[in-house]
Amino acid sequence: MKRRSKGSRNAIRRGRKPRRSAGSGILAKCIVFCVMAFAAFAVFREFQPVGSKTGQETAVQRSVGPDGAGPETEGPVQEPNASQQNVGPDGAEPEMKEPVQDSNAFQQGAVFSDMDALEAGSIFDVSGLSQPALDSFFYSEELPEEVQQRMVGSSYQENGNISLAELRYLRVLHMGFDGNTHIGELVVNQSIAEDILEIMSQLYAQSYPIEKMVLIDAYGADDERSMSDNNTSAFNYREIAGSSKLSKHALGLAIDINPKYNPYVKDSGTGELLVSPANGADYADRDGDFPYKIAEGDLCLQLFQEHGFAWGGNWNSVKDYQHFEK
Ligand SMILES: [Zn+2]
């Protein structure tokens, strides 16, 4: 009895009708299965195209980023929109940062606009680039926001002599002492921006070695520190050392090239030489023969003179062999 009543309850629950025959039971199951299968297919069809596209984008963009394979690969069908929104910024950010952190990665497939993302000082692989492509790496622009932030309170202070709007940010290529092409940056007065671009372009074309060229703000706008690191730089709002007169550097109208090998030399009057930077003392005697020396016959000196610049090596009271001004 017990078994039967249980059996009949089951039959009622399942089909709402008592079991009549084996054939009608199978038919009912068949119909239920078909309805469910159709419903499942309809749901699948609706989501499948978006889901698979999202999945593809996720895969492609992720391969760019540093994350590698994420754990959420099954997810996109359920939340295609959320997935799409997340992928955008996540994918784009590493694309911007990658070249900065690893110049070798950049060498594999260079896109010219990515040069902006490379920090000054980076080694830059120019193999296979045409002359017009190389020329495009020499340009000037109004000081970008990011550059102004580096300068204000460091190489630039509020003053009545020069505004940020009168200065230009230059990007160039230069041949390092290591024989590699480096990205260089300078801030100069807008009135000499074209001169400097032409000179730097010609120096690079002739493989003239310049060791470093980053803004003096990398050295806290400390001239001695920048010079002793042999950094080539231009704008720095400061007075001439040991006087209250503004330096031409304060107006962005002067540039110092390879300063350690071409130091500022002053006779103190007692026969003792003041040399700046101090670690350039070995190069104060200009009769000696050593590399990177700016002297008569030097290409750098020749180009600056052709563009109407005065050379500190020609001064009488002091000698400033690194210095060119207009
Ligand atoms: Zn100088």
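This is a predicted model: local features need pLDDT of at least 70, side-chain atom pairs count only at pLDDT 80 or more; totals for chains, interfaces and linings use all residues.
Biologist: What makes N230 buried or exposed?

Modeller: N230 has 22 C-beta neighbours inside 10 Å. The cut-off for a buried residue is 20 or more, so N230 counts as buried. N230 is found in the loop between helix 8 and strand 4 (254-256).

Biologist: And why is S207 called buried or exposed?

Modeller: Around S207 there are 11 other C-beta atoms within 10 Å. A residue is exposed at 12 or fewer, so S207 is exposed. S207 also sits in a loop, between helix 7 and helix 8 (223-228).

Biologist: What is said of the phi angle of S207, and what of the phi angle of N230?

Modeller: S207 has a positive phi of about 55 degrees and is not a glycine. For N230, likewise not a glycine, phi is positive and near 55 degrees.

Biologist: How do you know which strands pair in the open sheet of three strands?

Modeller: Pairing requires at least two bridges between two strands. Strand 1 and strand 2 (residues 167-175) have four bridges, in the antiparallel sense, so by that cut-off they pair. One of the residues involved is E141, whose bridge partner in strand 2 is Y169. The order of the sheet is 1-2-3, with antiparallel pairing.

Biologist: Why are strand 1 (139-142) and strand 3 (181-189) placed at the edges?

Modeller: Each has a single partner strand, so one side of each is left without a neighbour in the sheet. On average, neighbouring strands of this sheet are turned by 25 degrees against each other, direction ignored.

Biologist: Which helix lies across these strands?

Modeller: Helix 7 (residues 193-205) lies across strand 1, strand 2 and strand 3. Helix 7 runs at about 5 degrees to strand 2.

Biologist: What makes the peptide bond from S276 to P277 cis or trans?

Modeller: Omega of that bond is near 5 degrees, and the bond is cis. P277 belongs to the loop between strand 6 (273-276) and helix 9 (299-306).

Biologist: What is the average pLDDT of the protein?

Modeller: The average is 76, and 64% of the residues score at least 70. Over residues 1-23 the pLDDT is below 50, and this stretch has six contacts in the model beyond near neighbours in sequence. Residues 41-111 also have a pLDDT below 50, with 44 contacts beyond near neighbours in sequence.

Technical notes: Residues are numbered from 1 along each chain as its sequence is written. Helices (H or I, at least four residues) and strands (E, at least two) are DSSP runs, numbered from the N terminus. Axes are lines fitted to C-alpha atoms, for helices over the stretch in contact, and angles run from 0 to 180 degrees between N-to-C directions. Two residues are in contact if their C-beta atoms, placed from the backbone, lie within 7 Å. pLDDT is the predictor's confidence in each residue, from 0 to 100.
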